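Let's take a walk through a protein fold together, one piece at a time. Keep the sequence and the 3D view open while you read.

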Amino acid sequence: MKLKVYADRMSQPCRAILIFCKVNRIDFEEVRIDLTKRQQLSPEFKAVNPMGKVPAIVDGRFQLFESHAILIYLACAFPGIADHWYPNDLSKRGKIHSVLDWHHSNLRRGAGIINSPFLLNTVLGPALGIKPNPQEAAGAEKLLLSSLWKIESFWLKGNGKFLLGSSQPSIADLSLVCEIMQLEILDDRERNRILGSYKKVQQWIENTKNATRPHFDDVHTILFKAKARLQKPPSGRTINEASKKGALHSKM
């Protein structure tokens, strides 16, 4: 049976899974789970992932959730996957696992949408009818900037183009870059304020994009469309103006 990937492309871990499958020519069916309609909480989807979160996969009788676990499984279960994604060398694997574990408790908490106060209290809050909390936004931004600095100064140390000094991308590169891409929904000035000081991070993002094109761009199209909607509400007012006139109600 064909692999099924349950995903919403607005979710950064889902995008990493989809890009990995496309780049590596894995035959799969993408099953859209619309988070704005709370489809992740439906009985049908909870039969796949009782936690009610995307992404999740079904491969024959095997079901799996959590994006990092899925990436590792795909890299091992399907033939012909290049070794650089998840090396056979156990020492290199261990290093990749250290990046992935660090990601969940640092960068993801800073850059994510659902579990990060930063985006919810800046560009997304007014659009979703959530009153911004400047204190939460400041705390989340501090964690985000700290995470970017650690990527710049530690995870990207050496002369390699990718994390851990590698000359080719791993599943860790794909996972972390998809996370940072969530910042694309900010306006350009705000995004540059956040990322502008991290030149190595910016180059690494471009390297990862180049290594996975055209699939990287295709899977991220939804993000740029969302940015356009957020920057220009239907009324024609800016997000800030709209928030002053009255909050929009969230579908989430």
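This is a predicted model: local features need pLDDT of at least 70, side-chain atom pairs count only at pLDDT 80 or more; totals for chains, interfaces and linings use all residues.

## The sheet

Start with Tyr-6, whose bridge partner in S2 is Val-31. Residues are numbered from 1 along each chain as its sequence is written, and side-chain values use heavy atoms, with hydrogens and water left out.

Strand S1 covers residues 3–7 and runs parallel to S2, with five bridges joining them. Strands pair here if DSSP finds at least two bridges between them. The strands and helices themselves are DSSP runs numbered from the N terminus: E for strands (at least two residues), H or I for helices (at least four). Zoom out and you'll find four strands in an open sheet, in the order S2-S1-S3-S4, with mixed pairing. Strand S2 (28–32) and strand S4 (62–65) are the edge strands, each pairing on one side only. From one strand to the next, the twist averages 20 degrees.

Now look at S3 and S4, which run antiparallel and are joined by four bridges. Ala-56 stands opposite Phe-65 in S4. The hairpin of S3 and S4 has two residues between the strands, and in this hairpin Gly-60 takes a positive phi near 65 degrees.

## Helices on the sheet

Helix H1 (residues 12–23) packs on the sheet, where H1 touches S1 and S2; the direction of H1 makes about 150 degrees with that of S1. Angles like this run from 0 to 180 degrees between N-to-C directions, using axes that are lines fitted to C-alpha atoms (for helices, over the stretch in contact). Helix H3 (residues 67–77) lies across S1, strand S3 (56–59) and S4, and runs at about 135 degrees to S4.

Which residues of H3 are buried? They are Ser-67, His-68, Ile-70, Leu-71, Ile-72, Leu-74 and Ala-75. Buried means under 20% relative accessible area, exposed means over 50%, and partly exposed is in between (1.4 Å probe, protein chains only). Those buried residues of H3 pack against S1, H1, S3, S4, helix H4 (90–105) and H9. For packing, contact means heavy atoms within 4.5 Å.

## Charged pairs

Side chains of opposite charge can pair when their charged atoms come close. A salt bridge is counted when a side-chain nitrogen of Lys or Arg is within 4 Å of a carboxyl oxygen of Asp or Glu, and the count comes to 10 salt bridges. One of them joins Glu-30 to Arg-9, with the closest N and O atoms 2.7 Å apart. This pair links distant parts of the chain: Glu-30 is in strand S2 and Arg-9 is in the loop between S1 and H1, 21 residues apart. Glu-30 is partly exposed, because its relative accessibility is 30%. Arg-9 and Glu-30 also belong to a network of salt bridges with Asp-218.

Another pair is Arg-193 and Glu-141, whose closest N and O atoms are 2.8 Å apart. Here too distant parts of the chain are linked: Arg-193 sits in helix H10 (residues 188–195) and Glu-141 in helix H8 (residues 134–155), 52 residues apart. Arg-193 is partly exposed at 42% relative accessible area, whereas Glu-141 is buried at 17%.

## A cavity and a buried threonine

Among the lining residues are Gln-12, Leu-71, His-103 and Cys-178. H1, H3 and helix H9 (171–180) each supply at least two residues of the lining.

Finally, find Thr-212 in helix H11 (residues 199–212). Thr-212 is buried, because its relative accessible area is 1%. Leaving aside neighbours within four places in sequence, Thr-212 is in contact with Ile-19, Val-23 and Trp-85.

Definitions and conventions: On a 1 Å grid over the protein atoms alone, a cavity is a set of points where a 1.4 Å probe fits but cannot get out, and a pocket is an open set with protein on both sides within 12 Å along at least five of seven lines; lining residues have an atom within 4 Å of a point.
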